[in-house]
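Reader: I have a protein model open and I would like to learn how to read it. Could you take me through some features, one at a time?

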Amino acid sequence: MSFYGIAGLFISSYLWCTILWNVGSGYDRFDRKEGIVRIFRWGFPGIKRRVFLQFLMRDIQSIRIQVKEGLYPRRILYMEIRGQGVIPLTRTDGKFFTPREIEQKAAELAYFLRVPIEVF
């Protein structure tokens, strides 16, 4: 029983640290004048706490929507970058988006960037 108590203590401390350090929060900045996209996210404390990605708008291939229905539905918005793969734009946990909300966000972003939408 003490093993489960200690394991629970470590898991709860990990979860509390992610909440207090605000891991995963940040912003996305799309600048049409400069043609640059900047994505900033906070990580765990250490050398690479700040995750900063910067790339050109013309390197964006498409906006992807991943939809998984069922007991635990997932609706995630991704941006596919040429040579870098896909980058998630919405949180993978936390607030769940309705199909209409995720579709509207994808349509607005795809229209702004002038790229197609792919659904998976």
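Author: Gladly! Let us start with Asn22, which is partly exposed, with a relative accessible area of 42%. Buried means under 20% relative accessible area, exposed over 50%, and partly exposed in between, with a 1.4 Å probe and protein chains only. Please keep in mind that this is a predicted model, where local features need pLDDT of at least 70, side-chain atom pairs count only at pLDDT 80 or more, and totals for chains, interfaces and linings use all residues. Residues are numbered from 1 along each chain as its sequence is written, and side-chain values use heavy atoms, with hydrogens and water left out.

Reader: Where does Asn22 lie?

Author: Asn22 is in the loop between helix 1 and strand 1. Helices (H or I, at least four residues) and strands (E, at least two) are DSSP runs, numbered from the N terminus. Asn22 also has a positive phi of about 60°, although it is not a glycine. Arg114 likewise is not a glycine and has a positive phi of about 60°. Arg114 lies in the loop between helix 2 and strand 7 (117–119), and at 67% relative accessibility it is exposed.

Reader: Which side chain has a polar atom 2.9 Å from the backbone oxygen of Asn22?

Author: That is the side chain of Ser25. A polar contact is a pair of N or O atoms within 3.5 Å; within protein, one must be able to donate a hydrogen and the other to accept it, and residues adjacent in sequence count only if both atoms are side-chain atoms. Ser25 is found in the loop between helix 1 and strand 1. Ser25 is buried, with a relative accessible area of 15%. Thr90 is in the loop between strand 6 and helix 2 (99–113) and is buried, at 12% relative accessible area.

Reader: How do I read aromatic rings?

Author: A pair of aromatic rings is described by the distance of the centres and the angle of the planes. Rings of Phe, Tyr and Trp (its six-membered ring) pair if their centres lie within 6.5 Å; planes under 30 degrees apart count as stacked, over 60 as edge-to-face and the rest as tilted. By this rule the count here is 5 aromatic pairs. One of them joins Trp21 and Phe44 edge-to-face, at 6.2 Å centre to centre with 90° between the planes. This pair links distant parts of the chain, 23 residues apart: Trp21 is in the loop between helix 1 and strand 1, and Phe44 in the loop between strand 2 and strand 3. Trp21 is partly exposed at 37% relative accessible area, and Phe44 is partly exposed at 34%. Together with Tyr14, Trp21 and Phe44 form one aromatic cluster.

Reader: Over which ring does the charged end of Arg32 sit?

Author: Over the ring of Phe112, 4.2 Å from its centre. A charge sits over a ring if NZ of Lys or CZ of Arg is within 6 Å of the ring centre and within 35 degrees of the ring normal.

Reader: What can I say about Arg74?

Author: Arg74 lies in strand 5 (residues 74–81) and is partly exposed, with a relative accessible area of 32%. The C-alpha atoms of Arg74 and Thr98 are separated by 9.7 Å, and these residues are 24 apart along the chain.
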